[in-house]
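Subject: Structure handover

Hello,

Please find the structure below, with its sequence. My notes come after it.

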Amino acid sequence: MDGRKIVLKIEDLVTFYGNRQILKSVNLEVAEGEIMVIMGGSGSGKSTLLRYLLGLEIPDSGHIRILGNDISTMSSMDMYELRKEMGVSFQGGALFGSMTVGENVRLPLMEHASLDEKTMQIISRMKLEVVSLAGFEDMMPSELSGGMVKRAALARAIVMDPKLLFFDEPSAGLDPVTSAELDELILKLRDAMKMTMVVVTHELDSAFKIADRITVLDHGEVLICGTVDEVKSCKTERVQDILHRRIRDETIDADAYLHRLTL
């Protein structure tokens, strides 16, 4: 990690939904100022992992340490305070349709900061300028394009200058040009604001462009965690299947298949 401070550390994380194991002894470290991309196919466990990193679920075993805090053992109040140091940009933007863009961006300040209205307006406009949406604060989310919604959501996520920023599928549903613009914006934020970022995505081009390191998940297990070049050159067959979008040819056990159907 080149001596950089560890902002996020996952140790032997195991999770279940009912009797089904989802995450299987996941270990991961993210350094200060790093962009960590988490990728994998559908059902790999990447979205589940994000829920646990946000403290929305309690692990069955293992530890998640964020900014030095073990969130597995924190009280609800302490977790509430810690979330003020974290920003989240949701997959669909999750803007409130009844609020203007500016009101959406100001919302975290209204909820968590003791600032006057004028100061909050100035801060929100500054963040909208960062994401190239200056002058759009009075528009409604329904008046924005998909890419603009993503950028407005990003402005809201960074309005309190979080130390750790989470992205859930930032490029999902965007055309290639808009997706590339958003990638550039993510890199600009990392360089200008020294933010640590965890990005969950299945978009290979985006992952290769923005990542300092990539973690590849498959069926709840970490197949590899390394630089873009290390992931690309990985000899593990399943990693190459994911990178080249190859369908895995699984042999079906007829007896096991019938047993599942008749349970």
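What follows covers a sheet, the helix packed on it and a cavity.

The model is predicted, so please read the notes with that in mind.

Six strands make up an open sheet with mixed pairing, and their order is 6-7-8-3-9-10. The edges are taken by strand 6 (86-89) and strand 10 (221-226); each has a single partner strand, so one side of each has no neighbour in the sheet. From one strand to the next, the twist averages 15°. Strand 3 (residues 35-39) and strand 8 (residues 196-200) run parallel and are joined by four bridges. In this pair, Ile35 lies opposite Met197 of strand 8.

Helix on the sheet. Helix 5 packs on the sheet, where it touches strand 6 and strand 7. The direction of helix 5 makes about 170° with that of strand 6.

Cavity. Searching the whole structure gave one cavity of 30 Å³ or more. The space in the largest cavity comes to about 40 Å³. Which residues line the largest cavity? They are Ser89, Phe90, Lys150, Leu154, Phe167, Asp168, Glu169, Pro170 and Leu182. Two elements, helix 5 (146-158) and strand 7 (164-168), each give two or more residues to this lining.

Regards

How values were computed. Residues numbered from 1 in each chain as written. Predicted model: local features only at pLDDT ≥ 70, side-chain atom pairs only at ≥ 80, totals over all residues. Heavy atoms only, no water. 1 Å grid on protein atoms, 1.4 Å probe; cavity = no way out; pocket = protein on both sides within 12 Å on 5 of 7 lines; lining within 4 Å. Points joined across faces, edges and corners; volume = space filled by probe spheres on them. Pairing = 2+ DSSP bridges. Axes fitted to C-alpha atoms, helices over the stretch in contact; angles between N-to-C directions. Contact = heavy atoms within 4.5 Å.
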